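Hi everyone, thanks for coming. Let me put the model up, and then we can walk through its pockets together.

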Amino acid sequence: MKINIYTILKPSKDNYDILIQDFIKMSSKFAKVQIFYIFNKDIAKAQTIGEKESQELYTKTYEPYLKGYNVALDVLGKPLDTYKFANLIENRMEVNFFIGGAYGFQRDFLNRFDDVISLSNLTFAHKLACLVLCEQIFRGLSVINNHPYHK
C-alpha cells in the first residue's frame with residue numbers, strides 16, 4: 001500500500017517534522033507513506049489575497065496530483081472515528097490525501113474527490129493537520145494489521 005499526503009507547505013525541520021517523520025517511520029511496516037510539500041509562488045500569494053482567489057490557486061496547485069483514490073481534508077468533510085478511517089484506507093493500493101488551504105477547497109473541486117473528510121470541527125495549522133493525519137494513518141494501519149497501538 002502507498003499513501004501520499006499533499007500539503008501546501010514549505011518543508012522545514014521543526015518539532016512537527018520530527019514527530020511526522022516518526023509516524024511515517026512507524027507506518028513503514030505496513031505501507032509506504034510519503035509527504036509532498038507543494039509550495040510555490042502561487043501558494044505564497046494565496047496567503048495575501050481573498051478567499052475565492054486562494055481557493056482557485058489551491059485547485060490549480062493540487063489538480064495535477066489527482067489520480068487514483070483521492071481524499072480531501074476539509075472542514076465540510078464527514079467526521080470519522082478511527083475504525084471508519086481504517087476502513088477508508090483498507091484494501092487500497094494507493095490513497096492520496098490533500099490538506100485544504102486556509103480557505104478550504106472550492107466546492108466544485110471537492111466533487112472530484114472520492115471522499116471528503118474532516119479531522120475535527122476545529123481549524124488546525126497545516127503542520128498540525130499533517131501531524132494529526134500521520135498519526136491517524138499509523139493508527140488506522142495498526143487497526144487493519146491488528147497491531148496493539150490503536151488500543
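Which element gives the largest share of the lining of the largest pocket? That is E3, with three residues. A quick word on ground rules: this is a predicted model, where local features need pLDDT of at least 70 and side-chain atom pairs count only at pLDDT 80 or more, while totals for chains, interfaces and linings use all residues. Residues are numbered from 1 along each chain as its sequence is written, and side-chain values use heavy atoms, with hydrogens and water left out.

By pocket I mean an open set of points on a 1 Å grid over the protein atoms alone, where a 1.4 Å probe fits, with protein on both sides within 12 Å along at least five of seven lines; lining residues have an atom within 4 Å of a point.

So, the largest pocket: 19 residues line it, and Val-75, Gly-100, Gly-101, Thr-123 and Phe-124 lie nearest its centre. Strand E3 (69–79) and helix H6 (126–144) are the elements giving two or more residues to that lining; helices here are DSSP runs of H or I with at least four residues, and strands are E runs of at least two, numbered from the N terminus.

Now the second largest pocket. Its lining includes Ile-8, Leu-9, Tyr-58 and His-126, and Gly-101 is there too.

Zooming out, the chain has six helices and five strands, in the order β-α-β-α-α-β-α-β-α-β-α. Its C-alpha atoms fill a box of roughly 45 × 35 × 30 Å along the principal axes. Thanks, everyone!
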